[in-house]
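Subject: Structure handover

Hello,

Here is the structure I said I would pass on.

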Amino acid sequence: MPIFMSMQFPQEERFSMEEEEVSPATVNQRCGQTKSSEMEARRIVCFLLVPLLLLFSLLFQRRECLLGCVSLLGCCSSREKILLSKTACHPKMINSSSRRRKKHKVLGVVGIQTGFDSGLRRKALRETWFPSTPEGILRLERATGLAFRFVIGHSVDVWKMRALEEEITQHNDFIRIDIDESYQNLNLKTLAFFKAAYMLFDADFYVKADDDIYLRPDRLATLLAKERPSPRTYLGCMKKGPVITDAKFKWFEPNGYMLGSEYFLHAYGPIYALSAEVVASLSAARNNSLRMFMNEDVTIGVWMLAMDVTHEDNRALCDPQCHPNSIAVWDLPKCSGLCHPTEQLSILHQDPMCSTSPTLPQD
């Protein structure tokens with residue numbers, strides 16, 4: 001199943017290779033945005049080709065030419081959304097263009113996985129540890145070296161999409177993945193996020209996080225900045241456990257027979273990080289060449305087994321309470337995240353141990 005990516009770009013923003021400081025809105029234009037003169041020239045050529053393709057398809061009854069004509073029209077008419085398709089806008093065209101440009105350099109990219117029914121969670125996050133404005137995101141990036149974005153797919157519900165467009169206009173803190181937003185597609189969405197983030201950012205680490213955890217960005221940056229002996233690192237709160245083969249239980253794994261009776265070492269799903277070299281390998285892989293399991297954390301763990309990576313276990317990424325060295329706080333083992341995030345995020349943020357304690361524990 002192919003994975004495509006699209007992102008919403010504000011019309012008034014333009015990407016410039018000469019800019020020394022790049023705002024979050026500007027970074028989002030990295031995928032395919034060109035200078036206005038080049039864009040207009042391409043659109044003129046594009047629209048000249050459309051009638052020729054249409055005429056050819058009618059004269060010779062070539063259905064593929066008609067399909068190409070439709071795809072070409074889609075590429076010509078869109079200035080606000082870049083769609084990576086299998087025809088006129090082939091991924092290799094975008095990827096080769098991206099490689100020629102200097103990607104935005106950061107210590108880490110943190111993609112907060114979210115959904116259309118999680119508006120209250122995003123509101124609670126923006127009222128606590130996640131910046132509420134593009135300027136706040138830029139300030140946090142300058143302070144920590146971490147670029148934060150919400151990651152979301154699309155919906156067939158017109159009203160949900162309209163609400164999302166309004167939220168993007170207000171906050172401009174999303175990476176949009178062109179994939180149906182559903183739990184069943186979480187593996188594909190996660191893979192698409194890593195590929196999109198790798199295309200947009202030159203980072204040492206790429207972090208996947210859920211929208212129901214309390215996070216200390218300063219401490220996460222300190223952890224990611226550590227010197228490591230291997231360039232291939234899989235960082236998270238590691239676990240093992242029995243493979244669930246009974247369909248009556250929540251974490252049922254239909255392909256459990258491939259795994260044996262116990263899971264291999266892998267990170268809990270609410271937050272984990274992959275180093276740049278690991279994500280580069282995932283980005284080069286064809287989407288249908290990677291085996292998918294029911295649960296996303298297991299799927300990532302399987303991919304890591306196929307690579308020569310270092311599993312780095314850090315329990316500060318799964319702390320059930322705020323402590324002087326907590327990085328991510330969530331209700332392990334009761335819930336995969338905070339059990340009641342919209343209420344708990346506010347409560348945790350009011351605790352000085354969670355929100356205002358020093359980055360590093362005092363001696």
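A disulfide here is a pair of cysteine sulfur atoms within 2.5 Å. The model is predicted, and it holds three disulfides.

One of them joins Cys-322 and Cys-354, with sulfur atoms 1.7 Å apart. This link is right-handed, with 105° about the S-S bond. The pair connects distant parts of the chain, 32 residues apart: Cys-322 sits in the loop between strand 9 and strand 10, and Cys-354 in helix 13 (residues 352-355). Buried means under 20% relative accessible area. Cys-322 therefore counts as buried at 15%, and Cys-354 is buried at 2%.

Cys-335 is joined to Cys-339 by a disulfide, S to S 2.1 Å. The link of Cys-335 and Cys-339 is also right-handed, with 105° about the S-S bond. Both residues are partly exposed: Cys-335 has a relative accessible area of 25%, and Cys-339 has 24%.

Cys-237 and Cys-318 form a disulfide as well, their sulfur atoms 1.8 Å apart. Cys-237 belongs to strand 7 (residues 233-242) and Cys-318 to the loop between strand 9 (310-313) and strand 10 (328-329), so the bond ties together parts 81 residues apart in sequence. Both Cys-237 and Cys-318 are buried.

His-266 lies in strand 8 (residues 262-275) and is buried, with a relative accessible area of 1%. The His-266 side chain reaches the backbone oxygen of Phe-264 at 2.8 Å.

Regards

Note on methods
Residues are numbered from 1 along each chain as its sequence is written. This is a predicted model: local features need pLDDT of at least 70, side-chain atom pairs count only at pLDDT 80 or more; totals for chains, interfaces and linings use all residues. Side-chain values use heavy atoms; hydrogens and water are left out. Helices (H or I, at least four residues) and strands (E, at least two) are DSSP runs, numbered from the N terminus. Buried means under 20% relative accessible area, exposed over 50%, partly exposed in between (1.4 Å probe, protein chains only). A polar contact is a pair of N or O atoms within 3.5 Å; within protein, one must be able to donate a hydrogen and the other to accept it, and residues adjacent in sequence count only if both atoms are side-chain atoms.
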